[in-house]
Amino acid sequence: MSSRVVVVGAGLAGLSAACHLVGAGFEVTVVERDTIPGGRAGRIVRDGYTFDTGPTVMTMPGLLADVVDAAGRGRFSLDDLLPMVRLDPAYRASFADGSEILVRAGHEAMHDEIAATCGPADAAAFDDFVVWLRELYELEMPHFIDRNFDSPLDLVSSPRAAARLLRMGGFRRLGPVVAERFRDERLRRLFSFQAMYAGLQPSRALAIYAVITYMDSVAGVYFPEGGMGAIPVAMARAAELGGVEFRWGTTVHEIQRGPNGRVAAVDLGGGERLRADAVVCTLDTPVAYERLLPGLRGPRAVRSGRYSPSAVVWHVGARGAPPDDAAHHNIHFAQEWDSAFDALIGDLELMPDPSRLVTVPSLTDPSLAAPGGSTLYVLEPVPHLGGSVDWNHERGPMRERLMGFLAEHGYPTDIVTEELVTPLEWQAMGMASGTPFALAHTFLQTGPFRPPNVERRMPGLVFAGSGTVPGVGVPMVLISGRLAAERVREYLPAPDRAPVRAT
C-alpha cells in the first residue's frame, strides 16, 4: 500500500504542498471545505463583477513556476496553465501634497522616474539601493527563508551568511536604513511601507524585511489573466494533472492519531475517515490546534503570539471608469506616517490619517467588470481584534469614510454590488485575531522562533501557510508548501513510483 498524504485546505500553501508531494511520488488527497480552490486567495463573482478576496499583488512568479514544474515533471509548465503580464507601473504612489511617483518596471525606467520626480541624487541612490536589495535577497533566500529550522541553533549553521547579513545592516531598523539612502521623504515611504505586510512599523522593522521591497519594487509585480483567483485554479489543475485527488465541499473535523501516537486519519464527519500516513494542515495554526487537534495544546508561539494588523477590504463593483491617471495598484499615502503606525500597531486603534490601497484589476483585465464598469479593491489597515474597535458599530462609518475617499480621488461610486470585509469576517473565515496576515514578523516570531511546521508530539503532522515558516505573502506561502512537502519526505519512505494522471 502506497503512502497517502492528506492535505487539509486548497489554498496556495496546500496546493503548493500537494504539487510537490505528488511530484515526489506520493498518493495525495486534498480536502477543501469550499467548492473551489483558493482559500484566502478566493473570489466572488456577482452581478458581472469578479472580486479577488485575498492577495492582490503577485510577485516572484518563478516560485509559482517551480510548484507547477514539480507536479508536471516536464509535461507542462506555468505558461501552459496561467498566462500573466508584468504590470508597468507596478504601483502609482499618490501623496498628500498632490504629487505622484510611478513604480516603473525595470531598473532603468525606475531610475528615470526618480530622476524626473525627485532629482538626480536620489536616482543615483536608487542604483545603489537596488544592488543592496538584490544582495540582501540572494543572501536571505537560501539561508534564512527557503529552509526548514529544527531549533534556533540552526541560525548559526551558516555563520558566514549571518556575518555578512550583519555587515550589510540587515539587523538595523528598516526606516533609518532607507532614510540614509534617499533625501526625498516620498521615496523613504515608498521603499519601506512593505514592512507593514510583515505586521511591523517601517521605523521599527528590521532591515532584513527589505526583501519584500525587492520582490515588488525591483523584481516586479505581475497579474494573471483572469485575476488573482486564477492562480489557485491553475495550481489545482497542475496538481490534478499530476495525480492529486480533490475532495471539494468537504470539512475535516479532526486529525486523528493511531495507537502509536502517529497520524492515522482525518475525520470527515458522518462516520467517514480518510486514511493518512501524513497530514499537511494549512489552517491558521491557532485555529488548527483549537478545531482539529483536541487534547493537543499549541506551542507558546501559537498561544501567545503577537499578531499583525488586520485590514478592512471593500470590494466594489461600480458603473463608470477610474480617473485617467489611475493604475492597476494605487497607493494613497496620507500626511501622517509614524504617528499613524503608532496608533495602528502600538495602540491597536484606527489610523487617525490612514494610507490606503486601491486596486483596479479591471484596468488590466476588463472581463473582471461588467461592461462600462470598474472592479475596485479598497484596503485600509486596521487593528486586529485584540484592540478596542467595535466592528458591529464601526462597520457603517468605515464604509462611509471609504466612500468619501473614493469620491475625493475620482473613483467611480455608482455602486452596483459590494462586499465589506472587516476583522469580524476574517475571524469567521478562520483567521486568528481577525487578521489575514497572521503572526507579526518580529525577530522572535521569525525563522526558528516562528511556530514550527512540524508537530513532534504527533509524528506525521506538518503545517503550511502564513502562520508557520517562512511567513506571510504569496511567495512565502508557496515556499511554505514546499517546506512542508520536504518534512513529509523526511518522515515517510520514498515512494516506489510517482502517480501520473493522463493529461
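In these legends, a residue is called buried when its relative accessible area is under 20%, exposed when this is over 50%, and partly exposed in between. The views all come from a predicted model.

View 1. Let's begin with residues 210-218, which make up helix 9. Which residues of helix 9 are buried? They are Ala210, Val211, Ile212, Thr213, Tyr214, Met215, Asp216, Ser217 and Val218. Because 9 of the 9 residues are buried, helix 9 is largely enclosed by the rest of the structure. After the helix comes glycine 220, with a positive phi near 110 degrees.

View 2. Rolling a probe the size of a water molecule over the atoms shows where empty space is left. Searching the whole structure for cavities of 30 Å³ or more turns up 1. The largest cavity has a volume of about 70 Å³. Around it you can find Thr50, Phe51, Asp52, Thr56, Phe223, Met228, His315, Thr359, Pro361, Thr375, Leu376 and Tyr377. Strand 4 (49-52) and strand 18 (373-382) are the elements that each give two or more residues to this lining. Sorted by class, the lining holds 6 nonpolar, 5 polar and 1 charged residues.

**View 3. The second largest pocket.** This pocket has a volume of about 310 Å³. Its lining is made of 17 residues, and those nearest the centre are His332, Phe333, Phe405, Glu408 and His409.

View 4. Take a look at phenylalanine 171, found in the loop between helix 6 (159-167) and helix 7 (174-181). With a relative accessible area of 38%, phenylalanine 171 is partly exposed.

View 5. The model has 26 salt bridges in total, and one of them joins the side chains of aspartate 284 and arginine 40, at 3.6 Å from N to O. Aspartate 284 sits in the loop between strand 14 (278-281) and helix 11 (285-292), while arginine 40 sits in the loop between strand 2 (27-31) and strand 3 (43-46), so the pair ties together parts that are 244 residues apart in sequence. Aspartate 284 is buried, at 5% relative accessibility, whereas arginine 40 is partly exposed at 25%.

**View 6. Arginine 92 and its partner.** Another salt bridge links the side chains of arginine 92 and glutamate 100, with 2.7 Å from N to O. Is arginine 92 buried or exposed? Its relative accessible area is 3%, so arginine 92 counts as buried. Glutamate 100, at 28%, is partly exposed.

View 7. Asp150, Arg456, Arg487 and Glu490 are linked by salt bridges into a network. Within it, glutamate 490 pairs with arginine 487, and their closest N and O atoms are 3.7 Å apart. Both residues belong to helix 16 (residues 474-491) and are 3 residues apart, about one turn of the helix. Glutamate 490 is exposed, with a relative accessible area of 53%, but arginine 487 is buried at 5%.

Notes:
Residues are numbered from 1 along each chain as its sequence is written. This is a predicted model: local features need pLDDT of at least 70, side-chain atom pairs count only at pLDDT 80 or more; totals for chains, interfaces and linings use all residues. Side-chain values use heavy atoms; hydrogens and water are left out. On a 1 Å grid over the protein atoms alone, a cavity is a set of points where a 1.4 Å probe fits but cannot get out, and a pocket is an open set with protein on both sides within 12 Å along at least five of seven lines; lining residues have an atom within 4 Å of a point. Grid points are joined across faces, edges and corners, and a volume is the space filled by probe spheres set on the points. Helices (H or I, at least four residues) and strands (E, at least two) are DSSP runs, numbered from the N terminus. Ala, Val, Leu, Ile, Met, Phe, Trp, Tyr, Cys and Pro count as nonpolar, Asp, Glu, Lys and Arg as charged, and the others, Gly among them, as polar. Buried means under 20% relative accessible area, exposed over 50%, partly exposed in between (1.4 Å probe, protein chains only). A salt bridge is a side-chain nitrogen of Lys or Arg within 4 Å of a carboxyl oxygen of Asp or Glu.
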